[in-house]
Amino acid sequence: MRSSGILMHISSLPSPGGIGSMGDEAYAFADFLQASGIRIWQVLPIGPTGYGESPYQSSSVFAGNPLLISCGRLRDQGLLTFSDEEEFVPADPEKVEYDAVRENKEMLLRRCYGESRERLSGQIDEFCRANPWVQDYALFTALKKHFSGQMWTKWPDKDIRFRKPDAVRHYREELADEIDYHIFCQYLFRKQWFSLKKYCNERSVLLFGDMPIYVAEDSADTWTHPDIFQLDKNLVPKRVAGVPPDYFSADGQLWGNPLYRWTYLRFCRKFDWWVDRMKGMAELYDMIRIDHFIGFANYYSIKNGMPNARKGRWVIGPGKALFRRLDQEVPGIRIIAEDLGCVNRRVRRLLDWCGYPGMKVLTFGFDSDESNPHFIGLYEKNTVAYTGTHDNDTTLGWARKADPKALAFAEKTLGFSGADEAPEAFIRALFKGPCETVVIPMQDVLGLDTYARMNYPGTIGNNWTWRMKPDQLSLDLSMKYYRLNRETDRL
């Protein structure tokens, strides 16, 4: 079935408190999607953000980001008392000020914990039984605070680094209240998430999640399951993830995530950790984009401590064996493969065997000629096509800075004149094209310039901050997209 979607992270909603949340604005956005004939709402990873506020470097693959909890809905449910003046008001409504938002949100959530934890104790106990990961996540988060935010491999108590049973027991007792607070926040997050998901699904809107292939070194996952990663005797990664030099980066990209012990996972664990992870994803989302799908076919391995990603090597990944197991344990899961980058024959064979849709990005399609794999004339039905992603410029930003030859090629192919007409032309071309699913970043729907870009890969600071203004959703915009969906048979 042909359909369309919008990429819009929860944090980018114009909610009170300086960051988007799962409050009224999220429900209003779901209403906008339904009225527009748009069936898919794609979000970025929803876990606690990590270094540089990146949702791709989370402290847990299972936990939710407490910053996305709506304090307004907690107040409406009688779980939290506060006045409107107590919520943070940003100087710039189009940017998230993470430090100020975090301080304010934590103050309100700790108040909620004090006011409502006893009333919710039975439900929280049931939540813990259904989500065994939450105890380790909460202990990890409490320990991070106890040790002044240090990475877990640098915690001064070696016994807790190695999760010695006596040390775990000791800190569970010593930090019991802090642990309970973090469990409480995860309970609140899940309640709000599944309420929003139900609302979306009732309106024929699917939630499309994003799952990084790797986990952060400084995460509850690495600390809790060190045996599944390539770590040394001190639990420090021996080799780390990245991608080699390419057209965009002479040094490649050194991500630094610990790599998996795929042989051990397959033969000793039957991929159990991955089964648990994908079951969790299938519960949270209707569709799942696996970031860097290439790494399942072959992954780039770099010795830890190298200054860049130039001296790495390609290693064969788990391939079909992993996906056979997932098909057995998580049948019917709807996966989209992010197959951008170094796509070789091994990657193509795995993708063909799995049958998952890959991705195309239209703004990548005009820097050479019609043989470019992202050129729209080569798009196929079983593909999810984007004007752009969170990692590249908005379409308007791209057009205003594009090489004149590339812009002229795009103008001739898509039938527009001048950079300012590019967003409209790119969107219409994708909707009319052969791909069953097209997804447009909200910034392109609104025709915004580079200032609204979400992320500059390889940089720290000023990323993940864009927010939509409260008045930018309109009936006219909704009707425009309803007509476009109808004209292109995507309703």
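Hi everyone, let's start with a pair of side chains: Arg163 and Asp136 form a salt bridge, with their closest N and O atoms 3.2 Å apart. By salt bridge I mean a side-chain nitrogen of Lys or Arg within 4 Å of a carboxyl oxygen of Asp or Glu. This pair links distant parts of the chain, 27 residues apart: Arg163 sits in the loop between helix 6 (158-161) and helix 7 (165-174), and Asp136 sits in helix 5. Helices here are DSSP runs of H or I with at least four residues, strands are runs of E with at least two, and both are numbered from the N terminus.

A word on the model: it is predicted, so local features need pLDDT of at least 70 and side-chain atom pairs pLDDT 80 or more, while totals for chains, interfaces and linings use all residues. Residues are numbered from 1 along each chain as its sequence is written, and side-chain values use heavy atoms, leaving out hydrogens and water.

Is Asp136 buried or exposed? Asp136 is buried, at 17% relative accessible area, while Arg163 is partly exposed at 24%. Buried means under 20%, exposed over 50%, and partly exposed in between, using a 1.4 Å probe and protein chains only.

Asp136 also meets Arg172 in a salt bridge, at 3.3 Å from N to O. Arg172 lies in helix 7, so this pair ties together parts 36 residues apart in sequence.

Lys144 is buried, at 16%.
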